[in-house]
Amino acid sequence: MKSALKKLRASLNTKLGFFLLTVLLFAIKSYWAYTTKFNLGVKGSVQHFLLAFNTIPGALIFIGIALYFRGRLSYWLMSVINFLLSTWLFANILYYREFSDFITFNLIKGSGATSNNLGKSLLGIIKPTDFLVYADVVILIIVLLCHWIRVDMRYFKTRYALTITALGFVLFGVNLGMAESNRPQLLTRTFDNNYIVKYLGLQAYTIYDGIKTQHNDAIKSRADSNDLKPVLKFLHSNYAAPNVQYYGTAKGKNVFIIHLESFQQFLIDYKVNGQEVTPTLNKLYHSDNTLAFDNFFHQVAQGKTSDAEMMLENSLFGLPEGSAMVSDGGTNTFQSMPALLDQRGYTTASFHGDVPSFWNRDNAYKSFGYQYFFSKEFFPKTPNYDAGYGIKDKIFMKDSAYYLEQLPQPFYAKMITVTNHYPYILDKKNKSIDPLTTGDKTVDPYVQTAHYLDQSIQEFLNYLDASGLRKNSVLILYGDHYGISNNHPTAINKILKVKKADNYQLAMFQKVPFMINMEGLKGGIDHTYGGEIDVLPTLEDLLGISSKNYIQFGQDLLSPERNQIVSFRNGDFVTPEYTKYNGDVYYTKTGKQIKHQTAKQKKEIDKIQRYVTTELGLSDKVMNGDLLRFYNLKGFKKVNKKEYTYNLKKSLKQLKKAQKKKKTSVKAENNNQSTFDEYSTDAPELKENPKLEFPK
């Protein structure tokens, strides 16, 4: 035993031994912080292994810098670098506790509003255990000062230092490979900073954010107001005037945007063993007061839900890679629907039962001009309430009603459901319909979560009727993207009842529902071709807002002048005449493939392709160059992100103050009596735990 301890101490008295001890303690400290100070959603042994493993490469590379220096200086550099890395970890712990996200370079160099807010409440944020991130630094300095470990004055060969640095990069490559295996497209499809830290570590996230920020800044720095000229020329030449029959019919009404997660059009009127999967949405779809579009397509790319939100509220396409809401949402200037309505006297709020950092919503929503963002922390913590991507829909919709009745009217409220999200996991007590029988274990439960979503919508509509909200509101319901990807060909073939789906059928499989419901609205099934990029100008039409001078790439779905060109993010398209998908071209009406184009057909198809390519390219130019900062529109005030905070206590205080100032909420109209008890749900979790305690 003594011999072993003697050998250990002897090894620690070498520069390499002290270095390895520093790296080991830093890795242990980092893993402890990741698991106790952040909510990274680590599940399973593989992710825990990666979380522990990713602490090592960065430590080898950064702390290893000290090995290139001589004598005592190298030892003190190890301590200084360790201290700086620990301080960065400490700062992120504090920031994460307040904002549920990690510090970015854009945040550091920005206006300072976030850091000011953090500084004001610093004493309330810090916990004594936070300082444990410095424990290893203190211990190593003490053992050096007390000479328990002697400084090795011998020269550490440069080639050995280079080997350790190279080892750090090799291990990072191994880490990245394992991470990509567990989470494909980790860096190209970035939708939550939590994922980067979980799989690659805080140091890798910081470098990734720095490179991404520098790249985006380079593009933005070269942009100027002249870049807007081709954009404005294109938009003005393709402007579609509003429909006089519908213009202003929803003026002054509350607006509900109900996000139907991963919900495809084929589910409407679809049955499993004779049972309707979505009876509520079917009824709504066929209602005389509903305008339903049966040729409406999602147009998302890697950004999935975030792309849909970007299009719906800005009429700007997502980017070809990654998520625009993540890369540009918190920094760019926008002319978003929430800001537009806020400046017309509306209260604007988004409701989502997951963490605020997901898809960078906590930052992007400030750029969009949302006054309130009711995320997971605003809702009661009910046992078994989480569906994997947030609160189960029935519970979430009921909980949201608590805040809805407090919002001064008119309001704009976006409700983001999550239960119908891949991989369609639902506990047995919430299943009330048989699964599909395609043989694909991932796809078969899809109808069960869709049925659950449909039930939650019915309960929500019942509440709107009971509270009186329905009569003065317009409801927009949409599916954000596909639920069953083309990676499940066997299941798709069985759903479509075909031997092998061709590219035309796969293109039509990208349809999602889009419905507008309002009392007195002249409804019906509209066969117009359109997509998510067209929602904003359509809603503006109904609200009596002219979209003519806004930079929006969609066209009003109700306009008789619209061109009905649906651009997919990869350059494919659908029009009433032609469909192009994965390189194949078809007649849209018949689905027959056009293998040999006539001169006339080629001219028509090439013209459509030029429009699609131009539209996508110009939208990317607006996004990448942040061109809206150069566009001064009369009657629209640019959003000041400093005015918004989604801190729980501050938001509740702000809501209370708004109710007193503008006494138009449902609660105020009901003599300050709550209508929350009128919300009825059969959610078993709430039957087992009926008492809901909302944050105060």
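Buried, in these legends, means under 20% relative accessible area. Every view below comes from a predicted model.

**Figure 1. Helix 4 and its buried residues.**
The residues of helix 4 that count as buried are Thr55, Pro57, Gly58, Ala59, Leu60, Ile61 and Ile63. That makes seven buried residues out of nine, so helix 4 is largely enclosed by the rest of the structure.

**Figure 2. Helix 3 beside helix 4.**
Two packed helices are described by the angle between their axes and the distance between the axes. For helix 3 (residues 44–53) and helix 4, the angle is about 10° and the axes are 4 Å apart. Angles under 35 degrees count as roughly parallel, and helix 3 and helix 4 are therefore roughly parallel to each other. To find the contact, look for Leu51, Ala52 and Phe53 in helix 3, which meet Thr55, Ile56 and Pro57 in helix 4.

Ile65, Tyr68, Phe69, Leu73 and Leu162 together make a nonpolar surface patch of about 450 Å². Tyr68 is a handy landmark here: look for it in the loop between helix 4 (55–63) and helix 5 (71–99). Its relative accessibility is 35%, so Tyr68 counts as partly exposed.

**Figure 3. Helix 11, a covered helix.**
Helix 11 spans residues 193–200, and eight of its eight residues are buried. Those residues are Asn193, Asn194, Tyr195, Ile196, Val197, Lys198, Tyr199 and Leu200. Just after helix 11 comes Gly201, with a positive phi of about 95°.

Lys220 lies in helix 12 (residues 202–222) and Asp328 in the loop between helix 16 (324–327) and helix 17 (337–342), so the pair ties together parts that are 108 residues apart in sequence. Both partners are covered: Lys220 counts as buried at 12% relative accessibility, and Asp328 is buried at 1%.

Glu313 and Lys414 form a salt bridge with their closest N and O atoms 2.8 Å apart. This pair links distant parts of the chain, with Glu313 in helix 15 (residues 304–314) and Lys414 in strand 7, 101 residues apart. Glu313 is buried, with a relative accessible area of 1%, and Lys414 also counts as buried, at 1% relative accessibility. Widen the view to take in Glu309 and Arg361, which are linked with Glu313 and Lys414 in a network of salt bridges.

**Figure 4. A salt bridge between Glu688 and Lys429.**
The side chains of Glu688 and Lys429 meet in a salt bridge, with an N to O distance of 3.5 Å. Glu688 lies in helix 27 and Lys429 in the loop between strand 7 and helix 20, so the pair ties together parts that are 259 residues apart in sequence. Lys429 is partly exposed, with a relative accessible area of 40%.

Gln409 and Pro410 are joined by a cis peptide bond with an omega of about -5°. Pro410 is found in the loop between helix 19 (393–404) and strand 7 (411–416). Another cis peptide bond joins Tyr422 and Pro423, where omega is about 10°. Pro423 lies in the loop between strand 7 and helix 20 (446–467).

**Figure 5. Ile516 and its buried surroundings.**
Ile516 lies in strand 9 (residues 514–517) and is buried, with a relative accessible area of 1%. Leaving out residues up to four places away in sequence, its contacts include Asn289, Leu291, Phe293, Val474, Ile476, Leu521 and Leu542.

Gln564 is not a glycine, yet its phi is positive, at about 60°. You will find Gln564 in the loop between helix 23 (535–543) and strand 11 (566–567), where it counts as partly exposed at 23% relative accessibility. Asn671, also not a glycine, has a positive phi of about 55°. Its place is the loop between helix 26 (666–669) and helix 27 (684–688), and Asn671 is exposed, with a relative accessible area of 65%.

How values were computed: Residues numbered from 1 in each chain as written. Predicted model: local features only at pLDDT ≥ 70, side-chain atom pairs only at ≥ 80, totals over all residues. Heavy atoms only, no water. Patch = residues over 30% accessible without salt bridge, like charges linked within 9 Å, V, L, I, M, F, W, Y side chains within 5 Å. Areas by Shrake-Rupley, 256 points an atom, 1.4 Å probe, with all protein chains shown as cover. Salt bridge = Lys/Arg side-chain N within 4 Å of Asp/Glu carboxyl O. Helix = DSSP H or I, 4+ residues; strand = E, 2+ residues; numbered from the N terminus. Buried < 20%, exposed > 50% of the residue type's maximum accessible area, 1.4 Å probe, protein only. Axes fitted to C-alpha atoms, helices over the stretch in contact; angles between N-to-C directions. Parallel < 35°, antiparallel > 145°, perpendicular 65-115°, else oblique. Contact = heavy atoms within 4.5 Å.
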